[in-house]
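Please open the structure in your viewer and keep the selection tool at hand.

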Amino acid sequence: MKKKIISLILGTAMVVSALTGCGGGGNTAGDSAPAETPAPAESSEETAGEAENAGGGDGSESVTLTVLAGQSTTDAGIEDMIDETLAAQYPNITLEWECVDWGNDFQPKMQQYMQSGLPDIMIGKAQDVATYAPQGILGEIDATYLDRGLDAARENVTIDGKTYGLVYNALYQGVYYNKTMFAENGWEVPKTQEDLQAIIDDCKAKGITPFASHMVDTWSIGNVTMQFMMNDVFNNDPQWGDKFRAGEVSFSDDKAAQTAYQYNKLIFDNTYPETFSTEQTDCDAKMVLGEAAMKVSGSWSIQNFLDIDYCGMASGRRKF
């Protein structure tokens, strides 16, 4: 399967995941945040140094670090990969993992641990740093270790010149389309809104669902909304979010923000009626089985597409 991006409908947005450590204020309480975050060590410098020293010498001192990992769809199993790599280089270091669903369970866990004591390492979204660092519960990463990663890995996790995490992956978003269906119906990848509308109209005339969606997952609605906001709002005004929080702009009064909502409405008006009871796996199956022509999503859907296609859920499997 090959992912194709419809350029004019959606540009590409990037979601990054980050690994952070906690600072000395590990028991500080605060408001809930929208992703994964910090951990309880005396400082990130001490934690990093402890791990570094533990890997040197004769490696006789055993070190155990606790990890809270808020995982999204494509993250399951990453803890095994990290454990394998760690065992080869630092056999005396053990990670105790607690893996939770990032969308539903991470924030309750964070609130719990902010009262009782944070884990040593947290894996979450890069935007979590902006939420938790100002609360004083994240440890700053020692400059000694910063040069071991790309500069781009620090850009979204650095506040006021201090880096509180390192980004380790990036997920890209756009529009998937069913190549077989497009070829069979003579559709070309749309370059304008008029091109897209023509495909939607033809889909409806032929009884084809234009867009697969799974709006029962509220994170998906928020994710798609942010994708449109990135294209139409934040690319033109990176400070829009700060202005919104300061009461200087609003969704209802901003033309670009309203355009983003209209894109959401376009999907809702052209998807199946059971979208509010359809979960992601079933939604992705509709793409593979040729029951929908397009899906606004990100690279996290690829594994679902491949798994469903590999299992041969239908005799008429479709290529992407």
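Begin by selecting Glu 291 and Lys 286, which form a salt bridge in this predicted model. The closest N and O atoms of Glu 291 and Lys 286 are 3.5 Å apart. Glu 291 is partly exposed, because its relative accessible area of 40% falls between the limits of 20% and 50%. Lys 286, by contrast, is buried, with a relative accessible area of 15%.

How many salt bridges does the structure hold? There are 9 salt bridges in the structure. Side chains of opposite charge can pair when their charged atoms come close. Select Asp 151 and Arg 154 for another example; their side chains meet at 3.0 Å, taken from N to O. Asp 151 counts as exposed at 57% relative accessibility, whereas Arg 154 counts as buried at 17%. Next, select Lys 243 and Asp 237, whose side chains form a salt bridge with an N to O distance of 2.9 Å. Lys 243 is partly exposed, with a relative accessible area of 29%.

Turn now to the aromatic rings. The structure holds 11 aromatic pairs. Select Phe 182 and Trp 187: their ring centres are 5.3 Å apart and their planes stand at 85 degrees, so this pair is edge-to-face. Phe 182 is buried at 2% relative accessibility, and Trp 187 is buried at 10%.

Proceed to Phe 228 and Tyr 263, which form a tilted aromatic pair. Their centres are 5.0 Å apart, with 40 degrees between the planes. Phe 228 belongs to helix α8 (residues 218–234) and Tyr 263 to helix α10, so the pair ties together parts that are 35 residues apart in sequence. Both Phe 228 and Tyr 263 are buried. To view a cluster of rings, select Phe 234, Trp 240, Phe 244, Phe 251 and Tyr 261, which are linked by ring pairs.

The next stop is helix α10, which covers residues 255–269. Select Ala 256, a residue of this helix. Is Ala 256 buried or partly exposed? Ala 256 counts as partly exposed, at 25% relative accessibility. Leaving out residues up to four places away in sequence, Ala 256 touches Asp 232 and Val 233. Select Met 229 as well: Ala 256 and Met 229 are 27 residues apart in sequence, while their C-alpha atoms are 7.9 Å apart in space.

Move along helix α10 to Phe 268. Phe 268 is partly exposed, with a relative accessible area of 42%.

Finally, select Asn 270, in the loop between α10 and α11 (280–288). Asn 270 counts as buried, at 5% relative accessibility. Which backbone oxygen lies 2.7 Å from a polar atom of the side chain of Asn 270? That oxygen belongs to Leu 266. Apart from its neighbours within four places in sequence, Asn 270 is in contact with Ile 200, Lys 204, Thr 209, Pro 210 and Phe 211. Display these residues around Asn 270 to complete the tour.

Definitions and conventions:
Residues are numbered from 1 along each chain as its sequence is written. This is a predicted model: local features need pLDDT of at least 70, side-chain atom pairs count only at pLDDT 80 or more; totals for chains, interfaces and linings use all residues. Side-chain values use heavy atoms; hydrogens and water are left out. Helices (H or I, at least four residues) and strands (E, at least two) are DSSP runs, numbered from the N terminus. Buried means under 20% relative accessible area, exposed over 50%, partly exposed in between (1.4 Å probe, protein chains only). A polar contact is a pair of N or O atoms within 3.5 Å; within protein, one must be able to donate a hydrogen and the other to accept it, and residues adjacent in sequence count only if both atoms are side-chain atoms. Contact means heavy atoms within 4.5 Å. Rings of Phe, Tyr and Trp (its six-membered ring) pair if their centres lie within 6.5 Å; planes under 30 degrees apart count as stacked, over 60 as edge-to-face and the rest as tilted. A salt bridge is a side-chain nitrogen of Lys or Arg within 4 Å of a carboxyl oxygen of Asp or Glu.
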